[in-house]
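Here are my notes for when you open this one up.

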Amino acid sequence: MATYKPVVVQAFPKLGERITQDTVYWRGYKTPVQIKEFGAVNKIDFSPVSPYNYAVTASSRIHIYGRYSQEPIKTFSRFKDAAYCATYRDDGNLLVAGSEEGSIRLFDVSGRAPLRQFDGHTKAVHVVGFLSDKYRIFSGGDDYSSNLWDIPSATEIVSYSEHTDYVRCGCASKVNADVFVTGSYDHTVKLFDARTKGSVMTIEHGQPVESVLLFPSGGLLVSAGGRYVKVWDVLKGGQLLVSLKNHHKTVTCLCLNSSGQRLLSGSLDRHVKIYSTTSYKVVHSFNYATSILSLALSPEDETIVVGMTNGVLNVKHRKPEERKEKPQKKRQPAYRTYVKGRTYMPKQEDFCVSKPVKRVLRKYDKLLKSFQSSKALDAVLEPPIRLYTPEVTVAVMQELHRRGTLRSALAGRDEKQINLLLTFVARRVIEPRFTPVLVTVADMITDIYQPVVGQSAIVDRQFLRLQEAIGKEIDYQEELLEVLGMMDTLFATFTKKRATYLEEKKSNGLTETIETKMNN
């Protein structure tokens with residue numbers, strides 16, 4: 001008796017995900033560190049100077065973390081109610097924050113008590129920041145006003161009341177020390193110049209604005225609100241350049257990387273999308289556990305920090321570059337160890353002894369070897385094989401069909417087994433690599449269990465699903481054939497008409513004979 005040959009499972013090419021330079025770069029972060037805060041993290045801001053500590057605003061406290069510290073190295077807690085938008089100055093020495101009670105506090109990073117307190121807003125202040133001259137502060141609050149403050153005298157310079165709803169975001173220009181931008185829930189973004197008494201530009205975003213961002217050059221403005229991220233050209237009077245709709249919930253925060261070539265957006269849909277600032281296409285994305293409220297990148301892109309609604313701070317550090325050290329060469333066995341006997345050709349009187357290789361058969365192969373067709377089919381319909389390696393299931397079905405025992409293996413099954421079998425066939429029959437085998441299986445199942453149709457609602461439902469899947473596939477094939485016919489017609493019109501052999505003879509041979517007769 002010949003030895004049993006295991007079932008040959010046909011290998012199909014896998015369509016893996018496309019690995020780009022961005023994929024490699026943004027995956028180069030370590031496993032995240034989770035830090036629990038006292039409340040939802042509404043703002044994260046990195047110090048612009050080394051060692052790049054970052055301020056986290058959550059609940060009624062501002063925590064300062066070192067780059068690799070999991071505990072705060074300093075805490076500012078002089079707030080009666082919630083604190084908002086703690087922001088560093090460009091030199092990293094001062095920190096300003098708004099509050100629920102409407103006051104603005106200025107802190108020295110090396111101290112604890114506030115250096116200045118600015119009172120003027122009548123409601124909560126959600127937006128604060130420094131102008132690029134380092135001596136003035138802009139703010140925006142729930143009283144619909146946007147104010148400008150002088151740090152040395154702690155007085156209000158000017159107040160703008162042009163928004164008609166809460167002012168919830170803002171940023172300052174790094175190019176012009178008099179320009180800052182605010183975004184409001186009245187769907188508008190306004191650009192202010194401290195030298196004028198009103199806004200110099202108004203942009204309609206279309207949804208409540210949650211975040212605004214100016215590019216370092218000052219020529220482009222990004223606004224986020226609703227599901228949209230929009231890019232505007234400030235130098236062309238606020239012309240819309242591109243509108244991005246890659247999130248399926250509200251976008252809450254924006255951020256640029258250190259080179260300005262990648263734009264990051266965080267959303268309540270638990271995703272951080274990374275866009276190229278040249279093509280504005282998504283080049284990578286991160287997935288998080290809960291909704292995202294704040295996002296920040298360290299100045300050298302070494303650390304990415306995300307704040308979430310449940311008060312968790314997610315910190316990812318970039319993996320250090322691995323130095324490739326030359327491994328010490330181990331002493332190898334002598335050359336003769338590998339060559340000895342390899343080139344020896346056996347002679348006629350020699351007796352060759354070969355060690356038999358023991359084959360380990362899989363469960364379905366053992367059952368097929370003992371001609372247990374039904375049990376072999378049950379073995380490949382188990383969840384690990386059926387879900388993750390369906391090609392094994394189909395290969396066994398093909399082997400049973402080759403042996404002529406497929407019909408007997410499919411017959412005699414109860415309601416649960418029929419439901420499982422029909423679920424697999426209905427799901428995989430439309431895959432081109434499995435269609436030739438599964439169409440035969442579906443035909444046999446229909447033929448065997450047609451008499452029991454109407455006795456079980458579960459089985460009837462699976463038959464309807466199978467019918468629907470095959471019907472859709474037939475419709476797709478008909479549409480594809482129509483498209484192919486159209487394409488053939490178009491290609492036929494593109495080809496140049498060539499002269500036939502007879503036409504060439506008429507145009508060449510006959511004229512030549514006529515000319516020779518006339519010459520004679």
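1. **Ground rules.** Two strands count as paired if DSSP finds at least two bridges between them. Strands (E, at least two residues) and helices (H or I, at least four) are DSSP runs, numbered from the N terminus. The model is a predicted one: local features need pLDDT of at least 70 and side-chain atom pairs count only at pLDDT 80 or more, while totals for chains, interfaces and linings use all residues. Residues are numbered from 1 along each chain as its sequence is written, and side-chain values use heavy atoms, with hydrogens and water left out.

2. **The whole chain.** You'll find 11 helices and 28 strands in the protein. Of its 520 residues, 42% are buried, where buried means under 20% relative accessible area, exposed means over 50%, and partly exposed is in between (1.4 Å probe, protein chains only). The protein exposes about 31,100 Å², and carbon and sulfur atoms supply 53% of that; the areas come from the Shrake-Rupley method with a 1.4 Å probe, and for residues only the protein chains shown count as cover. Among contacts (heavy atoms within 4.5 Å) with a separation of 6 or more, 45% are between residues 24 or more positions apart.

3. **The β6 sheet.** Start with the open, antiparallel sheet of 4 strands in the order β6-β7-β8-β9. Its edge strands are β6 and β9 (114-119), each pairing on one side only. Neighbouring strands here are turned by 20 degrees against each other on average, direction ignored; the axes are lines fitted to C-alpha atoms (for helices, over the stretch in contact), and angles run from 0 to 180 degrees between N-to-C directions. Between β6 and β7 (residues 94-99), which run antiparallel, there are 4 bridges.

4. Thr87 belongs to β6 (residues 83-88) and stands opposite Val96 in β7. Is Thr87 buried or exposed? Thr87 counts as buried because its relative accessibility is 12%. Beyond its neighbours within four places in sequence, Thr87 is in contact with Lys43, Asp45, Leu94, Leu95, Val96, Val128 and Phe130. A polar atom of the Thr87 side chain lies 3.4 Å from the backbone oxygen of Val128.

5. **The other sheet to check.** Another open sheet has 4 strands in the order β1-β28-β27-β26, again with antiparallel pairing. β1 (33-36) and β26 (292-297) each have a single partner strand, so one side of each is left without a neighbour in the sheet. The twist averages 20 degrees from one strand to the next. β26 and β27 (residues 303-308) run antiparallel and are joined by 5 bridges; Ala296 has Val305 in β27 as its bridge partner.

6. **Helix α10.** The buried residues of α10 are Val459, Gln462, Phe463, Leu466 and Ala469. An α-helix has 3.6 residues a turn, so residues three or four places apart point the same way. The cover over the buried residues of α10 includes α8 (415-428) and α9 (435-449).

7. Most residues other than glycine have a negative phi, and most peptide bonds are trans. The bond joining Ser50 and Pro51 is cis, with omega about 15 degrees, and Pro51 sits in the loop between β2 (41-46) and β3 (54-58). Tyr52 is found in the loop between β2 and β3 too; its phi is positive, near 60 degrees, and at 13% relative accessibility Tyr52 counts as buried. Ala154, in the loop between β12 (146-150) and β13 (155-160), has a positive phi near 55 degrees and is partly exposed, with a relative accessible area of 27%.

8. **Thr196, in a loop.** Thr196 lies between β16 (188-193) and β17 (199-204) and is partly exposed at 31% relative accessible area. Its side chain reaches the backbone oxygen of Gly198 at 2.9 Å. The C-alpha atoms of Thr196 and Asp178 are separated by 9.5 Å, with the two residues 18 apart along the chain.

Definitions and conventions:
A polar contact is a pair of N or O atoms within 3.5 Å; within protein, one must be able to donate a hydrogen and the other to accept it, and residues adjacent in sequence count only if both atoms are side-chain atoms.
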